[in-house]
Structures are given as C-alpha cells and as structure tokens.
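Please keep the sequence and the structure in view while reading.

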Amino acid sequence: MTPHERIAERIENAMRARRAHRSQDAREISVETVATARVEGSRRDLIAALSGLGRIERDLGNDSGAIAAYAEATALARVEGEPSLLAHLLRNFGATHLAAERPTVAEPYLREALEIDRADEGCDALELANAVRLVAELSERLGNRYEAARLWYEARVRYAALAIAEGVRECGARLEGLEAAGVVPLRGIYGIVDRAVSNEPLALLDSLLDAGVRVVQYRAKAGVDPRVVRAMHAVTRARGALLIVNDDLACALEADGWHAGQEDLMERDPATIRATLGSRIFGVSCGVPGEALAAERFGADYVGVGPYAATGTKADAGAAIGEAGIRAVVDATRLPVVAIGGINAGNLAGVARSGASMAAVISAIARAADPAAAARDLIARWDALAR
Ligand code: 3NM
C-alpha cells in the first residue's frame, strides 16, 4: 500500500465510524490520520485528512477544533490551486461559523466559495444551488433582506430546474417569510415619480400606491429636494411600499434605496457605495451585459435596462433596444432586471416575454387622465402575463 492509499483508507474508516455514530472513534482515527499525512502524505492527502477531521469536530460540537482543521486545510488548498476543493473547504469553514452564530466571521468564506463556484463552468448544479442557499441564509442573518430574497429566489429556481421539491419548498417558505416581514418583492410595475413630468409628486405617489404599486422611484434631474423625499418616504413606509431615490445618494439614505446611472458610479467606489447603503436597495442602469455583470460583482440588487421602446421622457436615452435587448441582459445576469423606456399597456407583453422582473413606467401613468386607473391596468396586465 502506498502512503496515499493508507491515508485514504483511514479517512474512509473514520467516515464509516462517523456514519455509525461512533464519533469519538472517528475523531481518534482522524487525528492519527492527520498526523500520518503530515509525515508521509502529499499536500492533497493532508487537505483530505484535515477536511475529514474538521467535519467530525463539527459533529462533536468542538467548534475550535473544526475551525483549526478547516483553517489549515483552506490555506493548503489555496496553495494547491484546485478551485472546487477550495470552495468546498471554504463552505465548510463558513458553515461552521454560521452554525455557531458568527455570521460576520462566516461571511468572507461563504461569499468566496460562491464566487468560485459561479466562476467554475464545471461546477455541479446541485453544489451551486446549495452554495446559493447557504449565502441566502447568511445574508438573512446579516440583515441584508433584499439580497437574501434575491438569493432565496435564485436558489428556488435552481432547485426547480433540478426537480428537487424539498429545496423548492424551503426556499419558497423563506421567501414568503421575508415578504410577510415586509420585504417587498422586486417584481411587477415599478412606478417612477419624475419631477419633470409631475408637479405634484405626493399626489402621484398616492395614485400609484392606491393602484397597488409597491416599488416607487423619485427622480428629479434638476435636483432632489430632501424634504420631498422625507415626505414621500413617510407615506411609502406607512403603506408598505419602497421608495428608491434617483441620483442623489445622500437623499437615498433617507429612503429605501438608490438608483444610480453608470456616470454616478464613475465618481465613486461601488464597494464603498454598497457599504454606505447597507441593506438598502442598490439599483444600477446598465446599457450592456458587461455592465450588469460588474453590477453583480459589486453587490447591486437590480439592474435597469433601456430604452425598451421609444421614449420622449429621457432625451439621451438612445435607440430602443426592444425585447431582444432586454433579454440579452436578463440572460447575462442573475440580478432582477428592470426594463424601462416607453413602456405602456400596449407593449407590456414584450417586457414580460423578455424575462424582465419589473417594468418601470413614467409617462404612461403620470400623463394619463387617471393615473391610478392607468397604473391599476398595468398591474392587472402584468399579473396576467407573469407566471
Ligand atoms: N431611463 P417613460 S428611459 C428614465 O433607457 C429613463 O435608461 C431610460 O420614461 C433608459 O416611461 C427613461 O415615460 C424614461 O418612457 C422612461
């Protein structure tokens, strides 16, 4: 028997003892195996032995033992340069901290593991679904409720594709729990109160909320008035809706989120913005799939894409990109996509077909004779179109 075979056999023996609930035996075998691997084994043998020991220490509730084993195994796996092995160890390491109610310690390990799995084309689909679910759990414990909702949703889609009913059920229940706790789903009609179109932003806000719109943006290109933001936010908060502020980051901190254009990001470091916003929503306008991928990396909650159709509301919006243009971004990102530009009752079906999660509307509501009726009609149409 080669040293590698001997070590592999002992690891197997330890795992057999673990499965037979002989945890103390399993631990003794594992400690010896690690000692042997240090002397005779390759780096991979030692990683495998430490990983087995970490798992057993976790079973025994020996937190510090598990962490010591995983810390060493993870450091060795970095040197080894095998991504799936490193992701596996980081995840176990992070899960140990998470189970011990230390989400902030777990965070970098679990996030890095998910990043590695996402970048790995050969990653097993179930492994990836589990990785997403674990980070959903993490972000919920950290209080990042919108990120948690997005990840529970993604995990549910992944389990559904694998026909894993248990996973679909659990993720669905977690999403419902968040929604019951006041997390507004980023789906449906996204109403924009644009100061250039509406002289009475609070009256328009009332119409939107009366109609059932739950995500509202305040847009004032000539300058956002913080008093208007405060007044609007008092209303949205009381009525269970979200207020997102366009452009003005300081004012967004008085509301539920910030919507940025690419130019707003150039002046700032996106990671700092994410930290500044905390658990508030961070939306970013993206023209091309590459910008959406960047937004994903720095932790945006949704991406805005347009113009879907010709619009007279934004002079520099550019040419309409249509259903195919929206779909190109939907296909490139796992973030919810908000389609915008020239959307009305007549062309809403194409927005739904494109896979966008939300349709953002200014003039088709604000310029209608009866804005509440127009918004209600759009919501009814969307609900009939969206699965
Ligand atoms: N952004 P309406 S189009 C604010 O393409 C905005 O990024 C766009 O107004 C983009 O619903 C647009 O009246 C205007 O067309 C949307």
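Helices, runs of at least four residues, and strands, runs of at least two, are taken from DSSP and numbered from the N terminus. The model is a predicted one. With that numbering, Glu101 falls in the loop between H5 and helix H6, the latter spanning residues 103-119. The backbone of Glu101 has a phi value near 60°, which is positive although the residue is not glycine.

The axes of H5 and H6 come within 8 Å and cross at roughly 155°. Angles over 145 degrees count as roughly antiparallel, and H5 is therefore roughly antiparallel to H6. The crossing of this pair is left-handed. On the H5 side the contact is made by Pro83, Leu86, Ala87, Leu90, Arg91, Phe93, Gly94, Ala95, His97 and Leu98. H6 contributes Pro103, Val105, Ala106, Tyr109, Leu110, Glu112, Ala113, Ile116 and Asp117. By class, the residues of this contact comprise 14 nonpolar, two polar and three charged.

H5, which covers residues 83-99, also packs against helix H7, residues 125-142. Here the angle is about 30° and the axes are 12 Å apart. Because angles under 35 degrees count as roughly parallel, H5 is described as roughly parallel to H7. H5 passes H7 in a left-handed crossing. His88, Arg91, Ala95 and Leu98 of H5 meet a set of H7 residues consisting of Glu127, Ala131, Leu134, Glu137, Leu138 and Arg141.

At the level of the whole chain, the domain assignment gives domain 1 as residues 3-180 and domain 2 as residues 188-386. The C-alpha centres of the two domains lie 38 Å apart. Where they meet, eight residues of domain 1 are in contact with eight residues of domain 2. Together the domains bury about 680 Å² between them, with 51% of this area on carbon and sulfur atoms.

From H10, the residues Pro201, Leu202, Leu205, Asp206 and Leu209 take part. Their partners in H11 are Val228, Ala231, Met232, Val235 and Thr236. Eight of the residues in the contact of H10 with H11 are nonpolar, one is polar and one is charged.

Pro307 is placed in the loop between strand E6, residues 302-305, and helix H16, residues 322-332. Is the peptide bond from Gly306 to Pro307 cis or trans? This bond is cis, with omega near 0°.

Definitions and conventions. Residues are numbered from 1 along each chain as its sequence is written. This is a predicted model: local features need pLDDT of at least 70, side-chain atom pairs count only at pLDDT 80 or more; totals for chains, interfaces and linings use all residues. Side-chain values use heavy atoms; hydrogens and water are left out. Axes are lines fitted to C-alpha atoms, for helices over the stretch in contact, and angles run from 0 to 180 degrees between N-to-C directions. Angles under 35 degrees count as roughly parallel, over 145 as roughly antiparallel, 65 to 115 as roughly perpendicular and the rest as oblique. A crossing is left-handed if the near helix is turned anticlockwise from the far one by less than a right angle, and right-handed if clockwise. Contact means heavy atoms within 4.5 Å. Domain bounds come from an automatic or database domain assignment. Buried area is the accessible area (1.4 Å probe) that two parts lose on being put together, summed over both. Ala, Val, Leu, Ile, Met, Phe, Trp, Tyr, Cys and Pro count as nonpolar, Asp, Glu, Lys and Arg as charged, and the others, Gly among them, as polar.
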